Amino acid sequence: MCTRKAIPRRVTFETPSKSVAAMQEQQQFQQQQTFPFKLYNMLEYACDSEFSSCISWTADGSAFIIHDKEAMMDNLAPM
């Protein structure tokens, strides 16, 4: 009679695939977390608050200007 060693086996469980709506929702959330979205939100917030003297859009809205770097980093960047 032959004695065999017990071999540990890997058992993996696959979760059911996500629905299309759930995948789209996750992608939208991930997009909102990227730098361009964060920058846009920071600029919009600054323009609507007392921090417009720190950072603002140019007159034509195609770029932004940092007026006060220290104030921007202290007040807006932690967002």
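This is a short tour of the structure above, one selection at a time.

**Before you start**

The model is predicted, so to speak of local features a pLDDT of at least 70 is needed, side-chain atom pairs count only at pLDDT 80 or more, and totals for chains, interfaces and linings use all residues. Residues are numbered from 1 along each chain as its sequence is written, and side-chain values use heavy atoms, with hydrogens and water left out.

**Stop 1: the whole chain**

You will find three helices and two strands, in the order α-α-β-β-α along the sequence. Here helices (H or I, at least four residues) and strands (E, at least two) are DSSP runs, numbered from the N terminus. Of the 79 residues in the chain, 15% are buried, meaning under 20% relative accessible area with a 1.4 Å probe and protein chains only; exposed is over 50%, and partly exposed lies in between.

**Stop 2: helix α2**

Next, select residues 35–47, which form α2.

Now colour Leu39, Met42, Leu43 and Ala46, which are buried in α2. Look down the helix axis: the buried residues line one face, because they fall within an arc of 100°, taken from the directions from the axis to the C-beta atoms. What do these buried residues pack against? Their partners are β1 (55–57), β2 (64–66) and α3, where contact means heavy atoms within 4.5 Å.

**Stop 3: Ile65**

Move to Ile65, in strand β2. Ile65 counts as partly exposed because its relative accessibility is 37%. Leaving aside residues up to four places away in sequence, Ile65 touches Cys54, Ile55, Ser56 and Thr58.

**Stop 4: the largest pocket**

Finish by selecting Lys38, Leu39, Met42, Leu76 and Ala77, the closest to the centre of the largest pocket among its ten lining residues. A pocket is an open set of points on a 1 Å grid over the protein atoms alone, where a 1.4 Å probe fits, with protein on both sides within 12 Å along at least five of seven lines; lining residues have an atom within 4 Å of a point. Helix α2 gives the largest share of the lining, five residues.
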